[in-house]
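Work through the following exercises with the sequence and the model open beside you. Each task is followed by a solution that goes step by step.

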Amino acid sequence: MKLDNSTEVRRNQIQKVPSFLSDENKESGDYDPKVVSLGPYHHGKEKLKFVQNFKSMALDMFIEGSNQDKAFFLEEIRKEIEYAKSCYLEEFTSIYDDIYFAEMMLLDACFILNIIGPWDQAFKRSETIEHLGTAVYTLSKRDLYLLENQVPFRILMILASSRYPVNEKGFIETVESSCFHILFDEDTRLLKDNDNNKQPLHLLEIFRRVIVTGSGEIPQPRVRACDPFRDIFNKLGLCLEYWCCRKDETSTRGRGGYVFHSVTDLKSKGIHFRPSEIASLNGVRFSPAEFCHSAKLKLPCWYVSPYTRTFFMNMIAYEFCPNVFTDKVVTAYVNFMKSLIVSQEDVKELREKKILMNSLGSDEQVVEVYKSLNTYGTEDESFFFKEKRNIEDHYNNKARTWLSELKNTYFNSPWSIIALVGSIFLLCSDIVQTIYAVHPSKGGS
């Protein structure tokens with residue numbers, strides 16, 4: 001189907017947060033910048049004046065060491081001024097002439113590049129922190145992933161390629177790594193997919209790409225100690241896991257989905273939680289219980305900070321925008337986690353397993369963060385469908401959960417195994433003594 005021009009323009013526009021979201025979250029301020037405006041939507045606000053005054057210094061820091069001056073970079077942006085203005089709603093761009101708007105783009109883009117760029121990054125970061133202070137610098141990184149606080153990625157690319165010897169692919173990969181570092185405070189090699197070389201509309205798309213595509217390797221299946229025995233029994237036509245693999249006739253599966261359970265509920269049914277090897281929202285993996293192995297649910301690690309709610313609310317708002325033709329994987333992940341985390345015990349279990357890192361102070365605050373994330377009943381059943389189905393099958397399988405509970409009760413530590421063996425030995429001794437008491441041996445005393 002061929003898109004008309006108006007549709008194509010909307011696809012290239014940085015949208016405002018849908019009104020039903022912004023009206024409901026006015027008090028939280030999740031969609032408003034705290035310290036820095038990027039783009040025209042929040043430009044000129046009095047509370048953002050401190051960092052606005054610093055942007056001229058950020059421009060000087062960006063230009064320093066090059067053979068060009070401000071006029072050169074401003075002219076590079078003026079060549080793309082029509083495109084830059086088309087990326088925003090007209091009511092916010094029509095009030096500025098081209099020169100003023102180009103200078104706004106230049107100052108905002110240089111501020112961003114001094115944070116996410118790899119060039120002299122340590123020096124620029126320390127100099128920026130020196131002028132802004134640690135608190136303002138940290139909040140400025142928070143303001144980078146607000147939906148309404150974006151600069152067109154093409155503007156960033158133009159300035160970076162005009163200042164440094166970098167091509168588009170290399171620049172995108174560099175920005176991805178920087179965004180991953182901002183979110184997870186570590187450097188890593190990102191997984192690549194077919195869309196990673198496409199130029200995004202803005203930085204928020206890069207942040208989303210980072211958490212959806214992620215990093216790490218999917219581990220190869222390993223040979224387990226009980227596998228040889230399983231093969232032997234299979235050759236004899238027997239199945240060690242017959243009763244474990246049978247599905248219970250009773251199921252809580254409802255029409256269009258599954259009735260899901262909290263971490264505590266799943267743990268009581270023998271499901272163990274482990275951090276996923278894949279640093280991505282798509283890193284959710286469920287391994288069913290086998291003959292000598294418990295069921296495991298692997299979840300991506302996440303650092304819960306004071307800005308976690310803001311980050312997810314802007315990602316959800318982005319997926320809800322009418323001009324965004326993308327799936328709702330972030331929304332699906334939030335729904336998944338909301339079903340898992342309903343109490344402090346759930347958070348404690350995930351924290352002890354190194355799945356959630358809590359910087360808020362208490363587990364109750366983490367519960368409140370996830371409870372406050374509103375997805376408005378939006379759900380895409382295609383995401384995590386396999387995992388939810390397998391978890392539900394395990395949960396409703398009485399034989400499998402009974403074996404898991406038996407293992408957890410009697411084989412979860414060397415001491416419990418020793419106690420079980422001792423109990424069996426004493427039981428056998430009592431049986432033997434009873435038999436001999438009832439039927440004494442001939443010639444015995």
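**Exercise 1.** Determine how far apart the closest N and O atoms of E176 and R209 are, and which helices the salt bridge ties together.

*Solution.* Begin with the definition: a salt bridge is a side-chain nitrogen of Lys or Arg within 4 Å of a carboxyl oxygen of Asp or Glu. In this predicted model, where local features need pLDDT of at least 70 and side-chain atom pairs count only at pLDDT 80 or more, while totals for chains, interfaces and linings use all residues, E176 and R209 form such a bridge, with 3.2 Å between their closest N and O atoms. Residues are numbered from 1 along each chain as its sequence is written, and side-chain values use heavy atoms, with hydrogens and water left out. Helices here are DSSP runs of H or I with at least four residues, numbered from the N terminus. Finally, consider accessibility: both E176 and R209 are buried, a word that means under 20% relative accessible area, with exposed meaning over 50% and partly exposed in between (1.4 Å probe, protein chains only).

**Exercise 2.** Find the salt-bridge partner of R208, and decide whether R208 and its partner are buried or exposed.

*Solution.* The side chain of R208 meets that of E319 in a salt bridge, at 3.0 Å from N to O. Because R208 lies in helix 12 and E319 in helix 16 (residues 308-320), this pair ties together parts that are 111 residues apart in sequence. R208 has a relative accessible area of 9% and is buried, and E319, at 1%, counts as buried as well. The pair also belongs to a network of salt bridges that links R208, E319 and D327.

**Exercise 3.** State how many salt bridges the structure holds, and what share of the residues is buried.

*Solution.* The structure holds 15 salt bridges. Of the 445 residues of the protein, 46% count as buried.

Definitions and conventions:
Helix = DSSP H or I, 4+ residues; strand = E, 2+ residues; numbered from the N terminus.
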